[in-house]
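Let us walk through this structure step by step.

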Amino acid sequence: MLTERQLLILNSIIKHYIQYGEPMGSKTLLHETNLSVSPATIRNEMLHIEELGFLEKMHSSSGRIPSILGYRHYVDLLLQDKKKRSQDGLRRKVQESIRAPYKEAEEILETSAEMLSYMTNYTALSIGPEKLDSRLSNFQIVPITTGQYMAILVTDKGFIENKMFTVSRDVDVAKIQTMVNIFNEELVGLKLTEVHKKLQNEIPDIIRRYIGKELNLQAIFNEVVLKMNNERIYVGGEMNLLNHFNLERVHEREQMKAVLGLIHESKDLLGLLKTGQDDFSIQIGTEMKNDLLSNFSLITATYNVGPDAQGLIALLGPTNMPYEQIINIMRITREELSDSMHDFYQEE
């Protein structure tokens with residue numbers, strides 16, 4: 001569709017806009033590319049590329065900037081490039097962050113989001129391996145103050161969830177410990193989905209048999225299980241979004257608030273993150289079919305944790321992000337995160 005010269009022109013305009021955030025005119029382009037053609041020829045080529053939909057004008061007298069289609073063409077070429085380049089320095093930085101001796105899987109996930117946001121100045125997201133296959137490994141109830149306790153649930157994947165609750169002061173503490181023993185004896189080793197089912201069907205009868213109606217922590221336990229089953233998204237660099245809005249404009253302030261709301265609405269965000277079926281996906285602007293994100297690009301990459309579990313990392317930044325650099329960062333991070341999480345579970 002594009003000639004070699006047109007492709008050179010398109011890539012030059014994209015790289016210029018990524019670096020400077022400004023449209024590129026024919027004179028600047030001719031100077032930077034050293035093409036042995038006249039300015040008129042450059043203008044004609046730019047017009048043809050624009051007619052094909054790869055470029056657009058900000059206004060009638062301006063130079064060209066990349067369109068979503070132009071970015072897509074550029075990004076697809078980058079993704080097809082499988083050449084191995086030395087990234088030792090970058091890899092060391094990633095390893096230093098996520099290869100530390102963490103005690104919980106959540107620490108690795110949270111650190112990966114923080115590291116990605118720091119290295120890119122964008123908003124990063126990290127999701128752990130699917131939790132539906134996680135198994136309950138421990139349940140505890142810890143006294144906090146008189147009459148107040150914390151229920152703590154731990155899975156074999158290293159995930160922890162907790163909830164505070166209050167019971168009457170005249171409740172026998174020994175009954176609370178009996179409840180804990182019942183939960184551990186009946187539920188430890190089961191998948192969380194199985195735990196939830198058993199809580200509905202079998203546990204109530206066991207509780208009535210051994211404890212009576214005086215104390216019922218089934219609802220508390222079930223709430224913690226359901227909370228654990230929901231996928232948790234770790235966000236790093238949330239305030240980096242401020243860099244992409246003009247807060248002096250009321251409508252942009254409102255848009256920024258809406259984007260922040262989207263990030264914290266897990267159901268909507270998960271739907272967006274899981275749109276792409278590929279293990280490495282880039283969605284640009286209007287491709288996300290969300291007006292709030294028309295000026296953003298979302299890069300997602302999955303990482304493997306053993307043969308059956310996957311997690312996901314993502315970056316949300318402007319459409320004119322330096323894709324080549326960001327793709328390298330994401331590829332290395334997914335590799336190192338996969339190794340780090342795999343090692344963590346092996347130790348478990």
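What follows takes up the sheet, the nonpolar cores and one threonine.

This is a predicted model, in which local features need pLDDT of at least 70, side-chain atom pairs count only at pLDDT 80 or more, and totals for chains, interfaces and linings use all residues. Residues are numbered from 1 along each chain as its sequence is written, and side-chain values use heavy atoms, without hydrogens and water.

Start with the sheet. Five strands form an open, antiparallel sheet in the order E7-E3-E10-E9-E8. Strands are DSSP runs of E with at least two residues, helices runs of H or I with at least four, numbered from the N terminus. Two strands pair if DSSP finds at least two bridges between them. Strands E7 (233-236) and E8 (280-284) are the edges, each pairing on one side only. E8 is joined to strand E9 (residues 296-305) by five bridges, antiparallel. Ile-282 has Ile-299 in E9 as its bridge partner.

The largest nonpolar core has 55 residues. Such a core is a set of buried Ala, Val, Leu, Ile, Met, Phe, Trp, Tyr and Cys residues joined through side-chain atoms within 4.5 Å. Buried means under 20% relative accessible area (1.4 Å probe, protein chains only). Phe-280, Ile-282 and Met-330 are among the residues with the most contacts inside this core. Helix H13 (residues 323-347) gives the largest share, nine residues. Apart from this core lies another, of 27 residues, including Leu-153 and Leu-192.

Finish at Thr-111, in helix H6 (residues 105-120). Thr-111 is buried, at 17% relative accessible area. A polar atom of the Thr-111 side chain lies 2.7 Å from the backbone oxygen of Glu-107.

Terms used: Buried means under 20% relative accessible area, exposed over 50%, partly exposed in between (1.4 Å probe, protein chains only). A polar contact is a pair of N or O atoms within 3.5 Å; within protein, one must be able to donate a hydrogen and the other to accept it, and residues adjacent in sequence count only if both atoms are side-chain atoms.
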